[in-house]
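Please look at the sequence and the structure shown below before reading on.

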Amino acid sequence: MTRGLRPIFLAAVPAGFLGIFFLYPVISIVGRGLSGEGFSRLTELASSATFRGVVWFTFWQATVSTCLTVFLAFPGSYLLARYQFRGKALLRALTTVPFVLPTVVVGSAFSALFGRLSFDSGALGLHHTVWAIIGAHVFFNIAVILRTVGAFWEGLDPLFEEQAYVLGTGKWRTFRMVTLPRLGPAIAASASIVFLFCTTSFGVILILGGSRRATLETEIWRHAVWRGDMRSATAMALVQLMAVVAMVVVSNWLQRKRGIVQRRSSRSQPRPSRSLLLGNLTLLTVVLALPILVLFERSIAVKGGYSFRNYLALIHKVDFLPVSVLATLKNSLIFAVIATILAVVVGGLAAFSIVNWRGWWAHMLDLGMMLPLGVSAVTLGFGMLVALDQPPLDLRTSRWLVPVAHSLIGVPFVIRILLPALRSIDNRLREAAAVLGASPFRVVREIDLQIVRKAAVVSAAFAFAVSLGEFGATSFLPRHPDRITAPVALFRLLGTPGDLLRGQAMALAVVLMLLTGTCVLLIELFGRSRLGNVRGDL
Amino acid sequence: MPAEGDSMYFGLTTLIAFSLGLLSACGGTPTTGGVSGVPSTIVAAITSDAGSIDGQVVTLITHDSFRVSEFTFETFTADTGVEVELLATGDTGQMLASAIMTAGNPVGDVMYGIDNTFLQRALDAELFEVYESPALGLVPPDLILDPQHRVTPIDFGDVCANYWIDRFDDELPPPTDLLDLIDPIYEGLLVVQNPETSSPGLAFLLATIAEFGDGWEEYWHSLRQNKVAVTAGWADAYYGEFVAGGGERPIVVSYASSPPAEVIYADPPVETAPTAVMVDTCFRQIEFAGILAGTDQRLAAEALIDFLLSDTFQQDIPLNMFVFPASNAAELPPVFLDHVTLPDQPHILTPAEIETNRNAWTDRWTEIVLR
C-alpha cells in the first residue's frame, strides 16, 4: 500500500464530480418523471411485449456487436503488442479516427459502400438490416479493444509463452492456456466499454437500421422528444439504468477476479512476418479504411471529376455557418482539451483510489464512474437542465457544461484503461522502493506513474477523441451559435440541399478525422517521450 | 442527432405576401435600415420603452437551424439598447422538450421556432406569456393560430414531395399529386421520413391525413405496396436515398424551397434547379415566437418580438432559413422568388387536432408501414 497517501481524499474529487454532474442530474430527472403515477408506467411497460422486444433487441445487438468487435480486434492487438514496425504509431492513431465521425456521415459512407459492393439488396443485402448496425458498431469501436488490449498485452512478459513452447505446448494451446487468461482483465474492461457504447448507440440504430429497429436509447429519445411522454421516457431510462448497473457490476467483478501481475519485458520487439502484417492490414482496411476512403472520395468528387475546391472553400468563411470552419475546429479543440484534462485527472484519481482502497466504497466508485457511458443522452442532457438551474450551480448556459458533459463520457475510458495497468503493478516494487527510503509520493511517481504511462496516454487519446465526436448529451444543452463545434457545423451543412454544402460537409468530415488522427498522434508522442523511459529505471 | 436536417423549413408564400413582395420587387419603395417598413407608431412604441430596457440582455432560444445575417441584431441593439444573446438547443422537438422541462425557470426570455405541429403541446404546458405585438397588423390572419396571442407567427413554409427532373420524361411523366405516388408506374421511386423521428416526415403524414381523412390508412397501405422507402431523418433521405446524394430514388419528401437552395448552393453554378416540387402534396408549417413565462425582462422581450416582425429581420429570413417571412411588408429576394413554387392550397390541420391525434396516428402509421 502507498502509505501516507490517503485514497479517501483522492476519491473525494471524482466522487464529488460524479455526484454533482451526473448523479444529482440523473436522480432529479428520474425523480421528476416517476413522481405521481410514474411508477405505474413502469409496471405497464414490463407487461408490454413490444417493450420487452425493445429491451431484448438492445442487449442482443450490443452483445453481438461487442463479441464481433473483440474477435476482429484480436489480431490487431497482437500485432500492436508484440511487434515493432514502421508506421505503428500512425496505425494506432488512425484507428481512433472513426470516433469523431457523425453517424449520418458514416451512415451514408456505409450505404455507398454497400451500394458499390452490391450489398444493398439480395441475399447479401445489408442495407437497413441489423447487420448494418453491427458492422457500424465494429467500425466505431474496434479501436477501443485494439488499443486497450494492445497496450496491456505489450506489458506482459512473453517469457511465459516461451516457456510453454519449450515445454512442447502448441501455439493455439499456449494462447488459450497462458496468454488469454492473462489478457482477461483488459479484454473485460474494454469489452464493457464497447458494450455500453453499443447499448446507448443512437444514430447508428436510427439511420442504418432503417427505422424498423428500436433500442432503449432510441425509444427514450422518441418518447421524450417526439411524443412529449416524459413518464414513459423516464420509466425506460430507469430500466436502462438498472440494466447498465447490473452489467457493470458483473464486468467489474470479472475484472477484479484476476489481478495480473505484469513483469515488464525489456527486450526489443521483433518485426512482424509479412503475412501477419499483411493479414492485419487487410482486415483493418476492410473494417476501417474502406468507409473512410469512400468518404474521402465523396469530399473531392465534384460534377465532372475530382477537385480539392471543397477544402479550399473551408478556409474562407462558409457562407452558411455563423462562424468560420476554422473557428468551429478551434471550438472543438478547446472543448476536447478541457474535457481530456478533466477526464484524465478525475478518472486517474478514481482509478488510483479504486486500486488502493479496497473497501465497499471503492466498488461503488468504480461502478458509479462507469454509468455515464451507459445512460441515455436524453437522461443526462435533460437532467443537467433540470438540476443545475439554481445558484450556486446555475450552469445551464455556462461554457463549462459542454466539456464537463464530454469528460463524464471520457472518464470511464480512463478508468477502464488505467485499472488493469495499475492492478498489474507488483506490490513488491512499491515495497522495495519504500524500504529503500522513497517517500510515498516518490513511490507513486516512480513506480505507479511510470508503469501506467502507456495506459494513461491511450486513455487520454480516447477521452480526446470521444469529446471531439460527442453530440448526444450536448445537443440537449443550450449553446451559443459562435461556440458551435465542428460536428455540429457539419450537421448544419448537411441540413440544406445543394451540392456545395454537401461537398463542404464531406470535406469537413475528412478534416475532422485528420485533426483527430493528428492530435491522437501528438498526445502519444508527447506522452511517451515526456513521461520518460521506464525500462532502464527499474 | 438524426433529425438534424428536419429543422430546415422551406416554404411558399400566401398569395397576399407573394403579390406584395412582387409589387415591391417591381419598383415599390425599397426600404432601408432600422425597423423601416414597420409603421412609425410601432417604432415609437419600441423607442419609448427604450429608456427602461436600455442595457439589458435578452436571450433568444432557437432550434439548431436558426440562421441570421451577421449584423441583423445589431440594428435591434442600436434602436433599443438591448443586446440579444442566442442559444440553440437542438431541433424543434428537443427545444420544446427542454422548454417544458425548465418551464417557470426558463433558460432564456424568448423562444423562436416552435411550429404548428408542436404548438398545442407548448400551449398546454403554459410556456408562453400573452403578448399582442403591434406589428401583427402586417401578418395575414390565417397565420395567427393562437387568438390569445401567446405566440406570434414569424415565418412559414411548406413540406412537399420533390422530384429529380431529369429522371422523368414523356414516357414517365413527373407525378403531380398524392394519388400518383401509389400508381404502380412510380413503384419504388419515393422515399419518405419516419413521422415518429422527423419533422418533414410528420408533415407529409399530416398532408395525407388532411387529404384523405379516414382513408389515409388505406393510402399508406398502397404506398407500402408501391415500395416506399422510409428513413429516420431528412438528411439520410435526401442525401442517402434520393438522387441528389447519389441514391437511386427520384422522389423525396422535402421542402417547397428545396429547389431554390439547390440553385443557391449549386456547385458549379446552375441556371435552373435540378429538382421540382409536387405542389399538391404540401403541408404548411408555421413557425412562432413567444415570450417565455418566468422571464424577468418582459419589456425587452416584447421589443424583440416586435423586431422579429420588422422588415430588417423578416427580409433576412428567406435566404437564411429558406422559409417565407410572415409579414406582408417584407420584400423577398429575387433568387428566392425565381425558383420557389407556390402551392395554391397547402394542406393544413389545426394544432389541437394534431396534438390530440398525433401519437395514435404515428402508432398506426408504424403498424401499417414498418411492421
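## From one residue to the contacts between chains

A:Trp360 counts as exposed because it has 7 C-beta neighbours inside 10 Å, where a residue is called exposed if 12 or fewer other C-beta atoms, placed from the backbone, lie within 10 Å of its own, buried if 20 or more do, and partly exposed in between. This is a predicted model, in which local features need pLDDT of at least 70 and side-chain atom pairs count only at pLDDT 80 or more, while totals for chains, interfaces and linings use all residues. Residues are numbered from 1 along each chain as its sequence is written, and chains are lettered from A and ligands numbered from 1 in the order in which they are written.

A:Trp360 is found in helix α15 (residues 360-374) of chain A; helices (H or I, at least four residues) and strands (E, at least two) are DSSP runs, numbered from the N terminus. Between A:Trp360 and A:Leu436 there are 76 residues in sequence and 32 Å in space, taken from C-alpha to C-alpha.

In helix α10 (residues 216-226) of chain A, 11 of the 11 residues are buried, so this helix is largely enclosed by the rest of the structure. Among these buried residues are A:Trp221 and A:Trp226, and α10(A) is followed by A:Gly228, whose phi is positive, near 60 degrees.

Two residues are in contact if their C-beta atoms, placed from the backbone, lie within 7 Å. By this rule, 14 residues of domain 1 of chain B are in contact with 20 residues of domain 2 of chain B, and the contact between the chains takes 43 residues from chain A and 48 residues from chain B.

The table gives the classes on one side of each contact, with Ala, Val, Leu, Ile, Met, Phe, Trp, Tyr, Cys and Pro as nonpolar, Asp, Glu, Lys and Arg as charged, and the others, Gly among them, as polar.

| Side | Nonpolar | Polar | Charged |
|---|---|---|---|
| Domain 1 of chain B that touches domain 2 of chain B | six residues | six residues | two residues |
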